[in-house]
Amino acid sequence: MTLIVGARERGVATLALDSPANRNALSAALVDEVREALAEAAADDTVRAVVLTHTGSTFCAGADLTAPPDPAAFVGLMRDIVALPKPVVARVDGHVRAGGLGLLAACDIAVAGEASSFALTESRLGLAPAVISLTLLPRVDRTAANRYYLTGERFDAAEAARISLVTVAAEDVDQALVPVLDGLRRASPQGLAASKELVTATVLESFGQYAEGLIARAATLFASEEAREGVTAFLERRDPAWVR
């Protein structure tokens, strides 16, 4: 079963996460499909930029807790987006949770509509935003990261723009994308690749320095007793044992 849908228009390849049954959660299969589609876009000289978007009311609900991807594969997906020699633009008009924020933060430009909401819910499950810190921390205001990493509070598109998680918060997300995509179409392929390389260099260096340790930390947390209780409580739609 295909978990993404694609389209092409005037040099822009659109990839839409299309797994509404689990709110576009990051399963092993979905991660693999997105990586394959990005590789195809990178190799296609007719593609100037990629738009990463979604079907349904959720951009990405984070890891699929019933069939989670290998953390190394998810890190590979985030790195693929950062290292792609073509701009990746996130079009978000729905909910984004946990690992979905790492996917969003890997994109070069992000436009979020009024229906969007965001939350880093890992701490409520006995986990932490470990591997997604590779893309989130270079992008998000540190004071805001302190708050939302710890509390798991939900915030809206305007707040996401204020803390630099998204580039633009818009009433009409597609209208807001028009000047962005027009600008990318007017740029040369070489100019885009060289410019993107400048702004992503330090992020790519951090993957080399920290990815392995963060993958190990995520695995340790996920195997812990607290995480088992947190995930079970989430799936059973109840409060975990530590809530008072």
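**Close-up views of a predicted model**

**View 1. A contact across the sequence at Ala-219.** Ala-219 is partly exposed, with a relative accessible area of 43%. The model shown here and in the views below is predicted. Ala-219 sits in helix α8. In sequence, Ala-219 and Pro-71 are 148 residues apart. In space, their C-alpha atoms are 7.8 Å apart.

**View 2. The open sheet of 6 strands.** Read across the sheet, the order is β1-β2-β3-β5-β7-β10. The pairing is mixed. Strands β1 (4-9) and β10 (168-170) stand at the edges. Each has a single partner strand, so one side of each is left without a neighbour in the sheet. Direction ignored, neighbouring strands are turned by 20° against each other on average. Strands of a sheet pair through backbone hydrogen bonds, either parallel or antiparallel.

**View 3. Strand β5 and its two partners, β3 and β7.** Strand β5 covers residues 88-92. With β7 (residues 109-113), β5 pairs in the parallel sense over 4 bridges. Val-89 stands opposite Ile-109 in β7. Ala-90 faces Ala-110 of β7 in the pairing, standing opposite it. With β3 (residues 49-54), the pairing of β5 is also parallel, over 3 bridges. Here Val-50 stands opposite Val-88 in β5.

How many residues of β5 are buried? The count is 5 of the 5, so the strand is largely enclosed by the rest of the structure. In a regular strand the side chains alternate between the two faces of the sheet. On one side of β5 are Val-88, Ala-90 and Val-92. On the other are Val-89 and Arg-91. Both faces are covered, and these residues are all buried.

**View 4. The largest nonpolar core, with 59 residues.** In soluble globular proteins, nonpolar side chains tend to be buried together. Which members of this core touch the most other members? They are Leu-52, Ile-81, Leu-104, Phe-118, Leu-136 and Leu-165. Helix α2 (residues 71-83) gives the most to the core, with 7 residues. A second, separate core has 13 residues, including Val-12, Val-111, Leu-177 and Leu-184.

**View 5. The surroundings of Leu-52.** Neighbours within four places in sequence are left aside here. Leu-52 is in contact with Val-88, Val-89, Ala-90 and Arg-91, among others. Its contacts also include Leu-15, Leu-17, Phe-59 and Ile-81. Leu-103 and Cys-107 are on the list as well.

**View 6. The open sheet of 4 strands.** The order is β4-β6-β8-β9, with mixed pairing. The edge strands are β4 (58-60) and β9 (155-156), each pairing on one side only. Strand β8 (residues 117-119) and β9 pair in the antiparallel sense over 2 bridges. Phe-118 stands opposite Phe-155 in β9. Helix α3 (residues 99-106) packs on this sheet. The helix touches β4, β6 (95-97), β8 and β9. Its direction makes about 105° with that of β6.

**View 7. The largest pocket.** Rolling a probe the size of a water molecule over the atoms shows where empty space is left. The largest pocket holds about 1100 Å³ of space. Its lining has 41 residues. Which of them lie nearest the centre? Ala-63, Leu-65, Ala-98, Leu-125 and Leu-127 do. The elements that give two or more residues to the lining are α2, α8 (189-222) and α9 (225-236).

**View 8. The largest cavity.** The structure holds 1 cavity of 30 Å³ or more. The volume of the largest cavity is about 70 Å³. Among its lining residues are Leu-101, Leu-120, Leu-136, Leu-137 and Val-140. Tyr-148, Tyr-149 and Phe-155 also line it. So do Ile-163 and Leu-165. Helix α5 (residues 142-151) supplies the largest share of the lining, 4 residues.

**View 9. Positive phi at Arg-10 and Ser-164.** Most residues other than glycine have a negative phi, and most peptide bonds are trans. Arg-10 has a positive phi, near 50°. Arg-10 is found in the loop between β1 and β2 (12-17). Is Arg-10 buried or exposed? At 61% relative accessibility, Arg-10 counts as exposed. Phi of Ser-164 is also positive, near 75°. Ser-164 lies in the loop between α6 (157-162) and β10. Its relative accessible area is 38%, and Ser-164 is partly exposed.

Methods:
Residues are numbered from 1 along each chain as its sequence is written. This is a predicted model: local features need pLDDT of at least 70, side-chain atom pairs count only at pLDDT 80 or more; totals for chains, interfaces and linings use all residues. Side-chain values use heavy atoms; hydrogens and water are left out. Two strands pair if DSSP finds at least two bridges between them. Axes are lines fitted to C-alpha atoms, for helices over the stretch in contact, and angles run from 0 to 180 degrees between N-to-C directions. A nonpolar core is a set of buried Ala, Val, Leu, Ile, Met, Phe, Trp, Tyr and Cys residues joined through side-chain atoms within 4.5 Å. Buried means under 20% relative accessible area, exposed over 50%, partly exposed in between (1.4 Å probe, protein chains only). Contact means heavy atoms within 4.5 Å. On a 1 Å grid over the protein atoms alone, a cavity is a set of points where a 1.4 Å probe fits but cannot get out, and a pocket is an open set with protein on both sides within 12 Å along at least five of seven lines; lining residues have an atom within 4 Å of a point. Grid points are joined across faces, edges and corners, and a volume is the space filled by probe spheres set on the points.
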